[in-house]
Amino acid sequence: MMARTEPSQQSGRQSLLADEGMLSRLQHGELGFVPVILALVVVFLVFHFANPYFLTPRNMSNLTLQLGVLGIMALGVSLVLFIGEIDLSAGSVSGACAVVLVLLSAKLGVPGLLAAFSAIVAGAAIGWIHGKCVTLIGAPSFIVTLTGLLVWQGVQRMLVGNQIGQMLINDPLITSIASTFLPGWASLALIAAILIAAGVKFRRIWRVGTGPEMATRMYYFGQAALYPALAIVIFIVLSQHAGVPVLLLMLVTLALLLTILTEHTPFGTHIFAVGGNAEAARRAGINVAGIRVMLFSMCSALAALSGIVAVSRQYAVDSNTGGGNLILDAIAAAVIGGTSLFGGRGRIIGSLLGALVIGSVSNGLDLLGQTANVKSIITGLILLAAVSVDMIARKRRIQSGTAGA
Amino acid sequence: MGLSLHAGSVLALLGDNGAGKSTLVKIVSGVHMPDAGGVRFDGARVELRSPRHASQCGIETVYQDLALCENLNVIQNLFLGREKRQTRGLLRRLFLDRNAMREEAERAFAVLGSRIPSLTSPVSALSGGQRQAVAIARAIVWRSRLVMLDEPTAALGVEQTANVHRLIRRLRDQGVAVLLVTHNMVDVFALANRLVVLRRGRHIAEMDPGTCTPDDVVGAITGSAYAETAT
């Protein structure tokens with residue numbers, strides 16, 4: 001039971017305590033990242049004991065590179081899930097845009113940066129079409145994007161044409177995305193920047209003074225220390241091999257930007273309002289259709305970016321780029337990371353962690369010499385577990401809601 | 001049909017289903033445009049083009065379903081669609097000003113004398129009465145001059161109904177004009193300064209709850225009162 005406090009007693013607290021109540025939220029079924037972090041720990045321990053090579057810097061470096069395509073797509077998919085829609089087409093869109101990139105760069109000689117930009121714009125346009133179909137026709141996004149999956153896959157295969165096998169790319173910029181590592185000094189500078197940012201945050205928590213009780217304050221210190229500590233550990237591990245991959249930096253930067261957008265801007269609040277109760281959002285004067293179209297567009301643009309990364313990793317594109325289980329893995333990553341399939345609930349960082357779980361399982365099973373079929377089964381079971389945890393937590397939320405009456 | 005509301009008083013609007021109560025509310029809240037006639041607010045004629053525009057004019061509607069987002073927290077719901085942004089710095093203007101919103105929310109609940117467990121807990125964790133308080137607190141936050149409540153106690157128990165009555169009195173004491181649409185005689189006689197009965201879109205009767213009985217009101221709503229006087 002939560003203690004009932006007069007609102008007046010709460011005044012005078014400062015902004016960093018704006019998310020006060022996190023501790024009690026946990027008890028009320030607001031699990032947040034707890035399940036996904038537990039899953040990560042279990043996955044890492046299991047694969048470490050099954051094959052000690054798993055936790056070596058070399059394999060960890062490899063894992064971060066494997067994470068790029070899935071991670072970027074999962075970020076986009078979670079945006080669409082936040083508003084209670086789904087995008088099944090992200091895989092095909094990433095494949096089609098990858099072909100656009102390679103055609104522009106390899107066949108027409110367009111410079112890499114411009115070709116990549118065009119591919120992302122093509123993705124955004126595709127998402128815009130999906131969004132318009134959902135908002136104008138009123139068709140369920142499940143059907144619209146299932147159609148998209150088929151259509152853009154067809155387009156991808158048509159563009160690849162009768163060419164057998166792969167279309168190669170040799171643009172230096174594109175190929176370097178997935179194969180460049182930060183030099184040592186740059187990594188050190190980044191660690192320094194992270195430490196300074198953490199220091200600023202610590203000082204702000206300290207300055208709150210006598211406001212919150214000690215336990216809450218320790219919790220905030222812990223929270224403020226978590227990400228910098230994690231970042232530094234990752235940096236140290238990765239620098240024992242080739243260094244920090246630029247791709248990892250790109251993924252984390254994207255996640256950070258999207259976190260700021262979804263959690264610290266009015267637009268972000270509107271996203272979750274549309275996902276939670278679209279009618280209430282409309283009555284509050286929010287442009288619900290506009291937000292839907294915007295997010296489908298962002299999702300497909302991110303899918304295009306993941307296609308670019310896929311090209312960068314393979315140095316080529318073929319009719320299977322972006323195919324297979326990729327889109328389902330991306331949805332699974334978001335759900336494992338705490339994003340609700342029913343909309344209105346979830347966090348970007350969760351999807352990143354979810355992608356890490358899926359990526360680690362895939363990487364670990366590869367190390368153990370398992371087939372793609374086994375990977376598919378295990379990923380499916382993890383998704384089922386994640387959804388079950390979400391459903392149990394939802395029940396607790398509903399119970400604690402009525403208990404508060 | 002004429003209807004006038006005064007600051008700091010509660011007008012109850014009654015009528016059977018289809019009498020035109022909801023239509024009236026929808027016109028004044030900016031959802032529908034009237035075919036004829038108009039709305040005067042502060043003595044000046046206003047054309048309410050949209051719900052957004054109506055709230056900008058100082059008219060807030062508390063819908064029967066409350067129109068809250070259960071996944072968002074109390075503060076986010078209070079400021080939904082009208083979030084406060086930070087004022088310092090060029091880039092900061094893009095971001096939410098959580099301090100300012102929290103302070104205003106606290107002030108609003110203090111004015112209402114209402115207890116909410118935590119302003120940052122999601123609305124799904126609140127009871128029905130607390131949710132009603134959140135919906136009403138919107139009017140305080142936005143300094144609304146006219147608040148229309150559609151069946152505010154329809155889904156509530158006895159104790160929570162009493163709490164909502166207290167909220168509405170507080171709202172009235174702030175100098176807000178309150179229009180209460182209800183079927184509930186308890187609400188009417190507990191709160192209203194005046195009551196108006198509609199039937200088939202027409203203003204049938206205007207009464208003073210101090211001098212009439214619930215039976216009089218029911219008679220006016222159903223039309224039987226006039227039948228009786230005729231015999």
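## Two domains of chain A

Contact here means heavy atoms within 4.5 Å. The model is predicted. Chain A is divided into domain 1 (33–45 + 53–180 + 245–400) and domain 2 (181–244). Between them, 14 residues of domain 1 of chain A are in contact with 11 residues of domain 2 of chain A. The centres of the two domains, taken over C-alpha atoms, are separated by 27 Å.

The size of an interface is often given as the accessible area lost when the parts come together. For domain 1 and domain 2 of chain A, the buried area is about 1000 Å². Carbon and sulfur atoms give 77% of that area. On the side of domain 1 of chain A, the residues that lose the most area to domain 2 are A:Pro57, A:Pro245 and A:Leu249. Together these three make up 40% of what that side buries.

## Polar links and helices at the domain interface

How many salt bridges cross the interface of domain 1 and domain 2 of chain A? The rule finds 0. The count of residue pairs in polar contact between the two domains is 1, with both residues at pLDDT 80 or more.

Helix 4 and helix 11 (246–264) of chain A each supply at least two residues of the side of domain 1 that touches domain 2. Helix 4 of chain A gives the most to that side, with 6 residues.

## Nonpolar cores

In soluble globular proteins, nonpolar side chains tend to be buried together. The largest nonpolar core in this model has 107 residues. Those with the most contacts inside this core are A:Leu75, A:Val77, A:Leu101, A:Leu302, A:Ile308 and A:Val311. Helix 4 of chain A provides the largest share of the core, 15 residues. Domain 1 and domain 2 of chain A both give residues to this core, so it lies between them.

What does A:Ile308 contact, leaving aside its neighbours within four places in sequence? Its contacts are A:Leu101, A:Ala116, A:Ala119, A:Ile120, A:Ile174 and A:Ile177. A second, separate core has 37 residues. This second core includes B:Leu66, B:Leu78, B:Phe109 and B:Ile136.

## Salt bridges within each chain

Over all chains, the structure holds 12 salt bridges. One of them pairs A:Glu85 with A:Arg292, with the closest N and O atoms 3.2 Å apart. A:Glu85 lies in the loop between helix 4 (57–82) and helix 5 (90–107) of chain A, and A:Arg292 lies in helix 14 (residues 288–314) of chain A, so the pair ties together parts that are 207 residues apart in sequence. Both A:Glu85 and A:Arg292 are buried.

In chain B, the side chains of B:Arg82 and B:Glu60 meet in a salt bridge at 3.5 Å, N to O. B:Arg82 lies in the loop between helix 3 and helix 4 (98–112) of chain B, while B:Glu60 lies in strand 4 of chain B, so the pair ties together parts that are 22 residues apart in sequence. B:Arg82 is partly exposed, with a relative accessible area of 22%. B:Glu60 is buried, with a relative accessible area of 7%.

## A salt bridge between chains

B:Asp65 and A:Arg283 meet through their side chains in a salt bridge of 3.0 Å, N to O. This pair crosses between chains. B:Asp65 is in the loop between strand 4 (59–62) and helix 3 (74–78) of chain B, and A:Arg283 is in helix 13 (residues 278–283) of chain A.

Is B:Asp65 buried or exposed? B:Asp65 is exposed, because its relative accessible area is 52% and the cut-off for exposed is over 50%. Salt bridges that share partners join A:Glu279, A:Arg282, A:Arg283 and B:Asp65 into one network.

A:Thr175 sits in helix 8 (residues 172–176) of chain A. At 10% relative accessibility, A:Thr175 counts as buried. Its side chain reaches the backbone oxygen of A:Asp171 at 2.8 Å. Leaving aside neighbours within four places in sequence, A:Thr175 is in contact with A:Ile169, A:Asn170, A:Ser312 and A:Tyr315.

A:Tyr315 is in the loop between helix 14 and strand 2 (316–317) of chain A. A:Tyr315 is partly exposed, with a relative accessible area of 40%.

## Positive phi values

Most residues other than glycine have a negative phi. Phi of A:Tyr315 is near 60°, a positive value. B:Ala67 also has a positive phi, of about 50°. B:Ala67 is in the loop between strand 4 and helix 3 of chain B. At 4% relative accessibility, B:Ala67 counts as buried.

Notes:
Residues are numbered from 1 along each chain as its sequence is written. Chains are lettered from A and ligands numbered from 1 in the order in which they are written. This is a predicted model: local features need pLDDT of at least 70, side-chain atom pairs count only at pLDDT 80 or more; totals for chains, interfaces and linings use all residues. Side-chain values use heavy atoms; hydrogens and water are left out. A salt bridge is a side-chain nitrogen of Lys or Arg within 4 Å of a carboxyl oxygen of Asp or Glu. Helices (H or I, at least four residues) and strands (E, at least two) are DSSP runs, numbered from the N terminus. Buried means under 20% relative accessible area, exposed over 50%, partly exposed in between (1.4 Å probe, protein chains only). A nonpolar core is a set of buried Ala, Val, Leu, Ile, Met, Phe, Trp, Tyr and Cys residues joined through side-chain atoms within 4.5 Å. Domain bounds come from an automatic or database domain assignment. Buried area is the accessible area (1.4 Å probe) that two parts lose on being put together, summed over both. A polar contact is a pair of N or O atoms within 3.5 Å; within protein, one must be able to donate a hydrogen and the other to accept it, and residues adjacent in sequence count only if both atoms are side-chain atoms.
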